[in-house]
Amino acid sequence: MSLHTTIHLHNVPAGREADYAAWFDGPHRDDLARLRGFRSADRYAITPQQIMPDIPQPWRYLSVYEHDTATPEIDLPALAPLLAQARDAGLIDDSDESERIHSYAMYADWAFSPNHRADQPFSGVSIILANFVAGREAEYHHWYDTVHSPEVTRVPGKVGMKRGRLSPVQLEPKRYCPGSDLVLCAQQTDDLLFTVKDFSARARGVSPSGVAFAPRSASGSVARTVHYFGKVSGPAFWPGGIAYDGDLSVYPADFARPAASA
């Protein structure tokens, strides 16, 4: 079998948010359960906390569909008419042609860190639409697998990562994707600002934890975009706190939210 992930980046017309949520967690889940190779689906909303706040965030919502199939060319397209139901019902706002559906053949399943609480759902995910430098693909994958994924998933609130390559099987509407690779990270935190800020601090070598990321590999292209989303679907949600197997007491109380000036 082969793991595939389809991401659906979209907007919902104003006033139809509750309708979309009811469709996704009702009839849509029922239809998904009948698809061959279907594993899971969850839906997320864009968060105000972003690691690259100055880049465009054109989508308010992200749906993530997981498949395990030996014949993606047969099974993945079966999702398209189900998404078309939402489009036909007026639940997707594509007035600016921003809707994107991208399917990826995953290199491996989730690689979780000791932060991960397996008995609890994710609080959210982040996606990177990524690229590697031409001629340096092997170096790029080695750096991600042996260096970057382990260090990223040890940040407080970050718990897992998996990656994939754009599949030759894509769903309509087939539109431009800026990244050949997907980096999907999972969070378990109720303080995403803390998580994002410590990620940045570790990358710059100034984290109160004393942990510093290794230098970023030159095999990873700077042509990438990063987007954070919080979970909004299903019956179970992250109960609170920051998943971390280290010592949070080393962080000052105003680490993520500086004290107001007198």
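Modeller: Helices (H or I, at least four residues) and strands (E, at least two) are DSSP runs, numbered from the N terminus. Residues are numbered from 1 along each chain as its sequence is written, and side-chain values use heavy atoms, with hydrogens and water left out. The model is predicted: local features need pLDDT of at least 70, side-chain atom pairs count only at pLDDT 80 or more, and totals for chains, interfaces and linings use all residues.

Colleague: With which side chain does the side chain of Glu66 make a polar contact?

Modeller: Glu66 lies in strand β3, residues 61–68. Its relative accessible area is 9%, so Glu66 is buried (under 20%; exposed is over 50%, partly exposed in between, with a 1.4 Å probe and protein chains only). A polar contact is a pair of N or O atoms within 3.5 Å; within protein, one must be able to donate a hydrogen and the other to accept it, and residues adjacent in sequence count only if both atoms are side-chain atoms. At 2.9 Å, the partner is the side chain of Lys162.

Colleague: How are helix α1 and helix α3 oriented: roughly parallel or roughly antiparallel?

Modeller: Axes are lines fitted to C-alpha atoms, for helices over the stretch in contact, and angles run from 0 to 180 degrees between N-to-C directions. Helix α1 (residues 17–32) and helix α3 (residues 80–88) pack at about 155°, with their axes 11 Å apart. Angles under 35 degrees count as roughly parallel, over 145 as roughly antiparallel, 65 to 115 as roughly perpendicular and the rest as oblique. Therefore α1 and α3 are roughly antiparallel.
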